[in-house]
Amino acid sequence: MAAWEHLLPRRRWFLLSSLLLAAAAAAPVVHGYGGGGGLTVGFYKESCPQAEAIVREGGAAAGHDDPTTTAPLLRLHFHDCFVRGCEASVLINSTKTNTAEKDAKPNHTLDAFGVIDAAKEKLERKCPAVVSCADILAIAARDAVSLATKAVRQGRWSKDGNLYEVETGRRDGRVSSAKEAVTYLPDSFDGIRRLITRFASKGLSLKDLAVLSGAHALGNTHCPSIAKRLRNFTAHQNTDPTLDASYAAALRRRCRSARDNTTQLEMVPGSSTTFDAAYYRLVAERRGMFHSDEALLRNDVTRGLVHQYMASEEAFLRDFGASMVNMGRVGVLTGGQGEIRRRCAIVN
Ligand code: HEM
């Protein structure tokens with residue numbers, strides 16, 4: 001049995017989140033410089049000074065209780081930004097007349113909505129109608145990934161106790177469509193050309209694609225997302241040939257059926273709650289979970305970045321922060337656009 005086969009899907013949460021919170025509170029914070037698309041670092045400095053601390057507290061408490069909540073918080077922001085931009089359409093509930101993004105198939109395994117809703121409730125008590133749900137998603141994603149990063153926890157990273165500084169000032173949208181989620185969210189079977197096109201359509205580069213895919217250092221997947229790679233791949237090949245054969249065999253043993261929705265598979269066996277560059281080693285070994293992960297090896301630029309990040313975790317962490325800021329600017333509503341939702345699941 002290979003070393004990674006026996007590993008449990010969940011690891012103990014050993015983060016000293018309270019220490020981190022204290023460090024973040026004590027660190028000097030740079031406020032108020034302009035970002036892209038009308039966003040700013042420290043947008044709520046005057047209007048709701050506790051905004052970021054309230055969101056962080058909720059995320060850290062959730063992470064303390066269950067370390068696997070960091071991954072879904074990061075994924076929520078991505079799934080928000082890729083459909084209509086980062087305007088919290090992913091949080092809106094379906095109604096009798098509208099099936100919302102939340103209920104689209106690619107979103108069925110999204111999680112951690114409760115963490116966002118709880119932060120919003122607290123914020124509405126402190127600063128009613130000020131902090132957008134879209135910003136809560138962006139802050140929570142930044143905090144989640146920061147809390148999961150060793151260099152940040154150990155104070156070896158300089159961004160105020162965070163991996164990167166998050167821009168805020170987004171407003172919330174009023175529309176959410178399941179059909180749009182199916183159309184715009186990348187698929188785990190996408191090849192490199194499709195992925196590049198999808199990212200380019202959001203103003204994101206090949207580099208953003210390669211570095212943001214590193215988010216798969218965190219979290220779990222479910223069997224239906226990889227079933228096609230494991231059995232009856234084509235009429236002639238049982239297994240996806242781009243997946244390492246022994247890894248495929250191990251995954252097949254875990255996934256007995258394509259409909260098994262309960263088995264959780266760690267994206268990076270043994271370290272799925274630690275944010276680091278381990279994902280890139282797996283990709284290079286053709287042990288990335290998805291066809292879309294392996295696809296990064298099919299383009300000179302993205303393949304070069306896979307090797308660069310394998311060699312330098314520091315480069316990965318630095319570039320990841322920059323690309324998260326880029327993603328956080330996609331299609332944002334600012335100024336007088338949209339609204340500040342009172343409850344994240346319901347338009348005002
Ligand atoms: C490049 C295209 C991408 C594709 C095709 C893709 C696809 C997927 C799929 C299929 C899953 C597993 C769903 C399941 O079986 O439960 C997943 C999980 C995840 N994705 Fe992606 N993803 C992509 C990019 C990203 C980006 C850009 C981010 C964040 C910046 C991200 C963050 C995550 C995280 C954190 C998880 C684990 C979630 C959890 O444990 O609950 N992904 N992704």
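Helix H3 supplies the largest share of the shell around the ligand, five residues. Helices here (H or I, at least four residues) and strands (E, at least two) are DSSP runs, numbered from the N terminus. The structure is a predicted model, in which local features need pLDDT of at least 70, side-chain atom pairs count only at pLDDT 80 or more, and totals for chains, interfaces and linings use all residues. Residues are numbered from 1 along each chain as its sequence is written.

**Surroundings of the ligand**

Among the 24 residues around the ligand, those that come nearest are Ala-71, Thr-109, Ala-215, Gly-219 and Ser-225. A residue is near a molecule if its C-beta atom, placed from the backbone, lies within 6 Å of it. Two or more residues of the shell come from each of helix H3 (70-81) and strand E3 (220-222). The shell is made up of 10 nonpolar, 10 polar and four charged residues. In this classification Ala, Val, Leu, Ile, Met, Phe, Trp, Tyr, Cys and Pro are nonpolar, Asp, Glu, Lys and Arg are charged, and the others, Gly among them, are polar.

Two packed helices are described by the angle between their axes and the distance between the axes. Axes are lines fitted to C-alpha atoms, for helices over the stretch in contact, and angles run from 0 to 180 degrees between N-to-C directions.

| Helix pair | Angle | Axis distance |
|---|---|---|
| H2 (residues 51-65) and H5 (residues 133-147) | about 50° | 9 Å |
| H2 and H4 (residues 113-126) | roughly 145° | within 9 Å |
| H4 and H5 | about 120° | 10 Å |

The angle of about 50° between H2 and H5 makes H2 oblique to H5. Angles under 35 degrees count as roughly parallel, over 145 as roughly antiparallel, 65 to 115 as roughly perpendicular and the rest as oblique. The crossing of H2 and H5 is right-handed; a crossing is right-handed if the near helix is turned clockwise from the far one by less than a right angle, and left-handed if anticlockwise. Residues in contact have C-beta atoms, placed from the backbone, within 7 Å. The contact includes Glu-52 and Arg-56 of H2 and Asp-143 of H5, and its residues divide into seven nonpolar, two polar and three charged.

H2 also crosses H4 in a right-handed manner. Their contact includes Ile-54 and Gly-58 of H2 and Ala-118 and Leu-123 of H4, with eight nonpolar, two polar and two charged residues.

H4 passes H5 in a right-handed crossing as well. Here Val-115, Ile-116, Ala-119 and Lys-120 of H4 meet Cys-133, Ile-136, Leu-137 and Ala-140 of H5. This contact of H4 with H5 has seven nonpolar, no polar and one charged residues.

**Confidence**

The protein chain has a mean pLDDT (the predictor's confidence in each residue, from 0 to 100) of 90, and 89% of its residues reach 70 or more. Over residues 1-34, pLDDT stays under 50. Where pLDDT is low, the predicted coordinates should not be read in detail.

Conventions. Contact = placed C-beta atoms within 7 Å.
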